[in-house]
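Here are my notes on this one, jotted down as I went through it. Have the viewer open while you read.

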Amino acid sequence: MQEFLTYSIYGTAFFLMLLGLYAVLMKKNLVKIVIGLTVLDSGLNLLFVAVGYISGGTAPIFSPAVVGKHVIMTDPVPQALVLTAIVIGFGVTAVALALVVRLYRKHNTTNIDEIKNLKW
Amino acid sequence: MVITDPVYFIALPLLTAFLLPLFGKIYKPLIGIIPGLVFAFLAYISFDLYLNLVPGKPIIIQMAGWAPPWGINLVFSEFSGLIVTLITFLAFLVWVYSYNFKKVGFDNSKKYFTLLMLMVAGSIGVVLTGDIFNMFVFLEITAIYSYGLTAFYKGRDSAEAAFKYLLLGSLSSVFILLAILLLYKQVGTLNMADIAVKAQSIDPKMKSIIAILFFVGLGIEAEMFPMNGWVPDAYSQAPGPVAASFAGMLAKSGIYALIRVFYTVLEVKGVFDLLLIMGLLTIIFAEFSAMRQKHLRRMLAYSSIGQMGLIMVAFSFNTKAGIFAGLFLMFNHAIIKTLLFLSSGFLTYSTKQKKIRDLDGFGKIMPFTSLMFGLGAFAIVGLPPFSGFWGKLNMLVATADSNLYFVIALILLVAVVEIVYYFKVIGRLYFRQQHKDVEVHNPTWNAILAMSILAIVIIGVGIYPDLITDYLTKATNELFDKAGYIHSVLPNLSLN
Amino acid sequence: MKKVVVIGSLGVIVYYLLSAFVAIPFGADIIKGVKEFYLQKSPDDLKVANVVTSIVVNFRGFDTLGEVTVLFLASTALGSILYHRRSQHSGLNPQRTSVEASAIVQTGAKIIFPFTVILGAYIFIHGHLTPGGGFQGGAIIATGFLLMLISYRKFFIKHNALTWIEAIAGSTFVILGLFGLIYAKNHDFLENFLPAGKLNDLLSGGIIGIIYIAVGFKVGAEITGILDTLLTVKETGLDPEEN
């Protein structure tokens, strides 16, 4: 059971990352490339949260229902890190979309094959 | 005592950047003046702190009252302090140069100065922090700065260059995050010194995977071959002072992160051989590409990659002589490349197509800028009596120490290549008839001031290298002394 | 052909990474690291129920300052990437969509909007007690504004106000941190200098709650600003400035 969970959950996260990377490398549409980046980020974030999980653990919050009892809590550090990673991903995506708008205004297309003033 | 806290290097620029839009509402010229005051103050306190640093006793600052490894800490040591001093000094000069950048107007100069402040905070953060995830956050700050400012001017292919960089930068951040995650799950901590202690127990196979992830991720930031496709485009499309800040500050923080991770945090067998090979490939690729460039900025960008390759090779020896040479090269690269980019800003501004052949005869019509460019070119190829000479000389000594004679041959060959393409430009500047239709933009007084200060530093260090060798030696000892770093961050730890 | 090569090489990379990760069994509590310290100190010393919040704002508060900076940087960079010179701005069509949303959407948006903002505010005010915090609450507030922006063609956001909120909230964070240098016990940046209070009280955790509220305001203002900038760009045609 443990092994199955390990493979399936990490596998899902890596599948998402693979999907995102594939879109970044192969897609011709700039918007699809940006979507690929966000999918890549989601996979990574999922991986972070999954790695921080501890079997039978609850959320690391000492609410009144939990205080004073002995409970297992999941690892809070990856959860804090993933929050940072999400925010950074958001910032990068926003800048990427702004650049896509600029490129579209200049070339009137979002096809990467037609935007080749610089060598890719 | 409060005033000498290294936390000001990050808190103060951030506070200024947050408040800068409000200053602009009160009185418009404040937008330009306040960043200058802050940069001047930062440069002053960094010099002050650095000169008063007691050897072997780095200043360790903990955050939020938690001692490392629980809280984030800042380490102002001989090595990181040197880089921070360099960054604040260059930031001040870049500000002096771009103070009345009238071309872009009020709204944009507000954004430009805000972004510049944030970038300075970010690159100082990368250098000072003692926490690996914190380093990643600051690296991302510098990265987003570069995406934004590469695309600053419209009407060029700047958005394309920025998008290209953004794609590679995102991949780099994914690699770094994966490495950090694996590392955290192995040792349960994010503090660099603590990781360095516990890293010995990591399974070697796992360790090498982590090392490769860090290598690729940080290599993109440090302009390593083959992940440096973004560099020439970004450098050539960004405004002049921004390109100077890329070369002077961003590339420095990238290589610093790479060095810190592999010297202090993770000791992996074979990583320095890999660094040597990649560094050599970077040099060969960059210098021969630079020779073929027709655009001045692209040529400078490739030359910059070549210098970074040389720095990587110097650090890959893993000897004291190598580190010393690498630090000298880093210092030279920061100062000289900044001068070259700043002077090329006015040279290319006056040409239409920014090509090298448009520069014919500029030595007569723009004497000062051409002189500065020529001086920078002489210095970067390593001719005496400029500081570049001592960097290359130390590099050759260090290579000979490590018995890598083919590397010596390669460095000399590359120096010849550098001489060829830089002298091509100088020849055009001074020994050609000028074109008719040039619109001369002579540098403003503040740009002249900034370039003169850099030139004075280059000549001063060139004539009297002892000005800095003492500090570089101290920084070398600090970087080489891993146990000392761990001990000063975690004083209560018993090393057994 | 290119496809096969790309998929093949990606597959190899992912295989190696996955093999590294499956060495960490899912859900196993194998490391004894800093987390034990955080789980113990957060309720005992800081009196903050939500351990993730205490890590984000206190133990690793410096990261969060960087995070806030990243957002601020992104919104400034966005502005510098998409700017229009004043003279040409007046010639642009400031309307975001070509058609007005239907009456049902408009009425619904108007009803939902205040509740969305209140929910966002609730989430960042209770960031130290319940799941959520400044970033999440700010994002929720921004979705409320997004709803209004896409439902009404004439819903304009005052950028002046956003600038003020961003500046004040951001500097609150840094200044509270700098106060720690003077007033707190260890004289550290971002250290708590207010009384910690009682666990699970709204007024607990000292500066942690205040910082998270500032972060909430800043994030809300910034994401709203980013959305507004992206929505008001000219939609069709080539930009004369670019060519």
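1. Chain C first: this is a predicted model, and in it chain C comes out with 9 helices and 0 strands. Going along the sequence, the pattern is simply α-α-α-α-α-α-α-α-α.

2. How much of chain C is buried? Of its 243 residues, 46% are. As for contacts within chain C, take those between residues at least 6 apart in sequence: 69% of them join residues at least 24 apart.

3. Now for where chain C meets chain B. Here 48 residues of chain C are in contact with 48 residues of chain B. On the chain C side, the elements giving two or more residues are H1 (2–21), H2 (34–46), H3 (51–59), H4 (61–81) and H8 (159–183). H4(C) has the largest share, at 16 residues. Sorted by class, that side of chain C has 25 nonpolar, 13 polar and 10 charged residues.

4. Chain C also touches chain A, with 46 residues of chain A in contact with 48 residues of chain C. From chain A, the elements that supply two or more residues are H1 (2–26), H2 (30–51) and H3 (76–107). Which of them gives the most? That's H3(A), with 18 residues.

5. Packed helix pairs get described by the angle and the distance between their axes. The crossing is left-handed.

6. If you want to look at the side chains in that pair, H3(A) brings residues including A:Val77, A:Ala85, A:Val92, A:Leu99 and A:Lys106. Among those they meet on H6(B) are B:Glu160, B:Phe163, B:Leu166, B:Leu177 and B:Tyr184. Taken together, the residues of the contact divide into 13 nonpolar, 1 polar and 3 charged.

7. One last helix to check is H13(B), residues 320–350. Is H13(B) largely enclosed or left open by the rest of the structure? Largely enclosed, because 27 of the 31 residues are buried.

Methods:
Residues are numbered from 1 along each chain as its sequence is written. Chains are lettered from A and ligands numbered from 1 in the order in which they are written. This is a predicted model: local features need pLDDT of at least 70, side-chain atom pairs count only at pLDDT 80 or more; totals for chains, interfaces and linings use all residues. Two residues are in contact if their C-beta atoms, placed from the backbone, lie within 7 Å. Helices (H or I, at least four residues) and strands (E, at least two) are DSSP runs, numbered from the N terminus. A crossing is left-handed if the near helix is turned anticlockwise from the far one by less than a right angle, and right-handed if clockwise. Ala, Val, Leu, Ile, Met, Phe, Trp, Tyr, Cys and Pro count as nonpolar, Asp, Glu, Lys and Arg as charged, and the others, Gly among them, as polar. The expected span of a helix is 1.5 Å times one less than its number of residues. A residue is buried if 20 or more other C-beta atoms lie within 10 Å of its own, exposed if 12 or fewer, and partly exposed in between; C-beta atoms are placed from the backbone.
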